[in-house]
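Here are my notes on the model, point by point. Have it open while you read.

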Amino acid sequence: MTATQLHFLTILFQGDSITDAGRARDSTVPNTAGGLGNGYPYLIAADELASHPERELRFFNRGVSGDKVPDLEHRWDTDTLALKPDRRIRRTPGSGPRGTY
């Protein structure tokens, strides 16, 4: 990857409640605390944005509490394809502390 390719990256978080982390679902702007929630998406985004201010990183959180894989499938066009992410971080829904279902 060249230095030019490191700029303008869109990173998307997807998953269930662990990813949702209380995010504001009406947020459409990248890199906002409300839009990222108060969990690992926020922590990763904050660290990367502080560590690499020269890059134009755009972080979005599209986790939805209670979602399973079929729910993700129904939101795929609006939550994934429309954002055209360069990187996607996914926590597979249904693999929480009570086991995989």
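1. R25 forms a salt bridge with D20, with 2.4 Å between the closest N and O atoms. By salt bridge I mean a side-chain nitrogen of Lys or Arg within 4 Å of a carboxyl oxygen of Asp or Glu. R25 is partly exposed at 48% relative accessible area, whereas D20 counts as buried at 5%. The cut-offs here are under 20% relative accessible area for buried, over 50% for exposed and partly exposed in between, using a 1.4 Å probe and protein chains only.

2. A word on provenance: this is a predicted model, local features need pLDDT of at least 70, side-chain atom pairs count only at pLDDT 80 or more, and totals for chains, interfaces and linings use all residues. Residues are numbered from 1 along each chain as its sequence is written, and side-chain values use heavy atoms, with hydrogens and water left out.

3. How many salt bridges are there by this rule? The count comes to three. R75 meets D67 at 2.6 Å, N to O, and R75 also meets D79 at 2.1 Å, so do look at how D67, R75 and D79 are linked in a network. Relative accessibility is 9% for D67, 15% for R75 and 12% for D79, and each of these values counts as buried.

4. Where does D67 sit? D67 is in the loop between β2 and α4 (69-74); helices (H or I, at least four residues) and strands (E, at least two) are DSSP runs, numbered from the N terminus. D67 and G15 are 52 residues apart in sequence, yet their C-alpha atoms are 7.2 Å apart in space.

5. On the overall layout, the protein has five helices and three strands, running β-α-α-α-β-α-α-β from the N terminus. Of its 101 residues, 36% count as buried. Take contacts (heavy atoms within 4.5 Å) between residues at least 6 apart in sequence: 73% of them join residues at least 24 apart.

6. The aromatics deserve a look: there are two pairs. Rings of Phe, Tyr and Trp (its six-membered ring) pair if their centres lie within 6.5 Å; planes under 30 degrees apart are stacked, over 60 edge-to-face and the rest tilted. F13 and Y40 are edge-to-face, at 5.7 Å centre to centre with 80° between the planes. That pair links F13 in strand β1 (residues 10-14) with Y40 in helix α3 (residues 40-51), 27 residues apart. F13 is buried at 0% relative accessibility, while Y40 is partly exposed at 22%.

7. F13 and F59 are stacked, because their ring centres are 6.2 Å apart and their planes meet at 20°. F59 lies in strand β2 (residues 58-61) and F13 in β1, so this pair ties together parts 46 residues apart in sequence. F13, Y40 and F59 form one aromatic cluster.

8. Leaving out residues up to four places away in sequence, L9 touches E56, L57, R58 and D86.

9. Finally, T10 lies in strand β1 and is buried, with a relative accessible area of 6%. Beyond its neighbours within four places in sequence, T10's contacts include R58, F60, L83 and D86.
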